[in-house]
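My plan was to go from the overall picture to single residues.

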Amino acid sequence: MEDAAFTSPHLEALAGIAAQAVRTETARGGRVYSVSPGHYAVSGLSRHVRIGEFVARMSGGEEHLGEVVRVEPDAATICPIEPDAPVGIGETVFRRGGFTVAPHGSWSGRAIDALGRPIDAKGPLVEGATPRTITASPPASMTRRRVESGFRTGVRAIDVFTPLCLGQRLGVFAGSGVGKSTLLSMLTRAESFDRCVIALVGERGREVREFIEETLGDNMEKSIAVVATSDESPMMRKMASLTAVTIAEHFRDAGENVLFIIDSVTRFAHALREVGMAAGEAPVARGYPASVFAELPRLLERTGPGAADAGTITAIISILVDGDNHNDPISDSARGILDGHIVLDRSLAESGRYPPVDPLASVSRLARKAWQDGEEALVSRLKTLIHRFEETRDLRMIGGYRAGADPDLDMAIKQVPVIYEALKQTPADGPAPNAFDDLAGALKQAAGQNGA
């Protein structure tokens, strides 16, 4: 008993001394001992930091944030948030822990950067009551609600051939300059969403205001834009997507149906590649390290339906297809994670068909839950006609086909051009309340004119 009485206070005292020693050593921070393009190394922090945590480097009386990307026994590698800030040997670096944001309902209509700071000259942001880490885990799979209800996007080509459901994740695959941003802006007009969160990753600086003020227009009132332009550091471009999805999660958990858009996830992957190469990772596929293909599902799985009492995050993910190769590593990886894909074809855009959606190459894995009675059979028939029309295009161009030889092809020749014309739509046209009614009306009118 005496031993116990004597030992317990002393153990508590020793534990307190040890904890104070750890706090003191952490407070002292580490020191920069090596500087390289895109990263620097710090000694003295290895035992106190973890990969993904943030540190603050003191330089000229100012703090400059960076993320830990590699930890070794005697050094920690840091990727700076501000790559242009000069780094000096011997500067002090302190641990800051995980990065958090505290979203608030008043953020709608605002444009912020990847660190959650306003960039729209509309004053400071109101901080929410609950800070959220930007590296949160996705909801557990068995606690999520099932995706059940479809909705109308107002874009005829999508509502007919690749209809969407609340909580679905869809990829928009296209090369540069084909019309991804325009299509995404049309999707923000869907009336099924309480809020829209948009991550503009690696965008041209001059296009940000144009996208927000003109392309989004009045839709910006219910939107939050998280912006990291192409000239910003890879850390900022990486964090823009993580900050945006964290904001979307906040509103989903509050019971709202959220539309989440990334333009584009390819530039997010490019940022991950730069960070991974700075950390010394080896490339495994066209210059991409393995961590890129681990980070993509972590980001995309955070979207979708929430728990029973939560809302949904419907994700529209833009994939910039490098060199118009739809089988490049990022496109191939994203296609396997998402619940469908829309392919924008450059040749269709060049022929004046907007949006240039290829109905034969585009797929929605949840289309059956969105189509109503009879619509699935109709779409199947339309795809058959379009396929017959396209596969015989060269034959017909050289005069190798005579009318009457194939009744299905005869019908395709009459109806497919009408279908293509009916699917044309620009942002100025406004949303289409019922794409099937519009298509049926166009075909009926064409049939009447042919009969006349």
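Predicted model: local features only at pLDDT ≥ 70, side-chain atom pairs only at ≥ 80, totals over all residues.

What percentage of the 452 residues in the chain is made up of buried residues? I got 50%.

**Entry 1: the whole chain**

I counted secondary structure next. The chain has 14 helices and 21 strands. I then took the box along the principal axes. The C-alpha atoms fill roughly 105 × 45 × 45 Å. I also looked at how far apart in sequence the contacts reach. Of the contacts between residues at least 6 apart, 72% join residues at least 24 apart.

**Entry 2: the annotated domain**

I checked the UniProt record. The entry is unreviewed, and it lists "domain: AAA+ ATPase" for residues 166-348. I computed the composition of that stretch. Residues 166-348 are 42% helix and 27% strand.

**Entry 3: a helix pair**

Helix α5 covers residues 234-253, and helix α6 covers residues 265-278. Their axes come within 8 Å and cross at roughly 135 degrees. An angle over 145 would count as roughly antiparallel, and 65 to 115 as roughly perpendicular. The pair α5 and α6 is therefore oblique. I recorded the crossing of α5 and α6 as left-handed.

Which residues make the contact? From α5 I listed P234, M235, R237, K238 and S241. From α6 I listed R267, F268, A271, L272, E274 and V275. I sorted the α5 and α6 contact residues by class: six are nonpolar, one is polar and four are charged.

**Entry 4: H39**

I moved to strand β2, residues 39-43, where H39 is found. Is H39 buried or exposed? Its relative accessible area is 19%. The cut-off for buried is under 20%, so H39 counts as buried. I set aside the neighbours of H39 within four places in sequence. The contacts of H39 are then T77, I78, C79, P80 and A278. A278 falls within α6, which covers residues 265-278.

**Entry 5: S36**

I finished on strand β1, residues 30-36, which holds S36. S36 has a relative accessible area of 29% and is partly exposed. I then looked up S36 against A278. The two are 242 residues apart in sequence. In space, S36 and A278 are 8.9 Å apart, C-alpha to C-alpha.

Methods
Residues numbered from 1 in each chain as written. Heavy atoms only, no water. UniProt positions renumbered as here; feature names shortened; annotations may be inferred. Helix = DSSP H or I, 4+ residues; strand = E, 2+ residues; numbered from the N terminus. Axes fitted to C-alpha atoms, helices over the stretch in contact; angles between N-to-C directions. Parallel < 35°, antiparallel > 145°, perpendicular 65-115°, else oblique. Left-handed = near helix turned anticlockwise from the far one by under 90°. Contact = heavy atoms within 4.5 Å. Nonpolar A, V, L, I, M, F, W, Y, C, P; charged D, E, K, R; others polar. Buried < 20%, exposed > 50% of the residue type's maximum accessible area, 1.4 Å probe, protein only.
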